[in-house]
Amino acid sequence: MRLVPNMYKNKVEDIPYKKLKSMGIKVLLFDLDNTLALLDEVECPIRVVKLINKLSKDFKVFIITNGNGKRALPYKEKLDIEIISKAMKPFTRGLRKLHKEYHFKKDEMVMIGDQLITDMISGKKYGIMTILVDPLGKKDLKMTYFNRLLEKIIFKYYASKGVFKRGRYYE
């Protein structure tokens, strides 16, 4: 099942990072909008600063976004982490760029995001672990609304097959 994430949690703070470390994960790739921060949060929230600072002790942390990087710039500066912009998710362009520059092994990487259609497909196509989280808010970019409609259909299908269901979290 291509879109079924390896793990599903309510929010990024609920992810078992110690477990990921014990599994050999060294690289955390976070989507920005509705994964780490609400769409209209221009300043990096304190909870994100605390989380990323803590995680940076054990992992190499990146933000991977389809945007041009302008929106992510305050996060890059506040968090002192690299941003992979224009990632073109669900394609693997951003992940290939990251691999070319840093030479991480695929089994050391995990994609963390709130969208099946972009984040999970990108990670699955590239062959890395994926973790889906629920969106932080209901506000999305206009182009994301179509993805959300498709997601509803996919979630309904997977729930009918007993594969996974929105709100039923697992590791």
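Biologist: Buried means under 20% relative accessible area, exposed over 50% and partly exposed in between, with a 1.4 Å probe and protein chains only. With that in hand, is F104 buried or exposed?

Modeller: First, a word on the model: it is predicted, so local features need pLDDT of at least 70 and side-chain atom pairs count only at pLDDT 80 or more, while totals for chains, interfaces and linings use all residues. Residues are numbered from 1 along each chain as its sequence is written, and side-chain values use heavy atoms, with hydrogens and water left out. The relative accessible area of F104 is 13%, so F104 is buried.

Biologist: How do the rings of Y102 and F104 pair?

Modeller: Rings of Phe, Tyr and Trp (its six-membered ring) pair if their centres lie within 6.5 Å; planes under 30 degrees apart count as stacked, over 60 as edge-to-face and the rest as tilted. The structure holds 11 aromatic pairs. For Y102 and F104, the centres are 5.5 Å apart and the planes stand at 10°, so the pair is stacked.

Biologist: What kind of pair do Y158 and F164 make?

Modeller: Y158 is buried at 6% relative accessibility, and F164 is buried too, at 4%. Their ring centres are 5.5 Å apart with the planes at 40°, so the pair is tilted.

Biologist: Which residues form one aromatic cluster?

Modeller: Y158 and F164 both belong to it.

Biologist: Zooming out, in what order do the elements of the chain run?

Modeller: Helices (H or I, at least four residues) and strands (E, at least two) are DSSP runs, numbered from the N terminus. The chain has 6 helices and 6 strands. From the N terminus on, their order is β-α-β-α-β-α-β-α-β-α-β-α.

Biologist: What share of the contacts with a separation of 6 or more comes from residues 24 or more positions apart?

Modeller: A contact means heavy atoms within 4.5 Å. Among contacts in the chain with a separation of 6 or more, residues 24 or more positions apart account for 67%.

Biologist: Finally, what percentage of the 171 residues is buried?

Modeller: For a sense of scale, the C-alpha trace spans about 45 × 35 × 30 Å along its principal axes. Of the 171 residues in the chain, the buried ones make up 50%.
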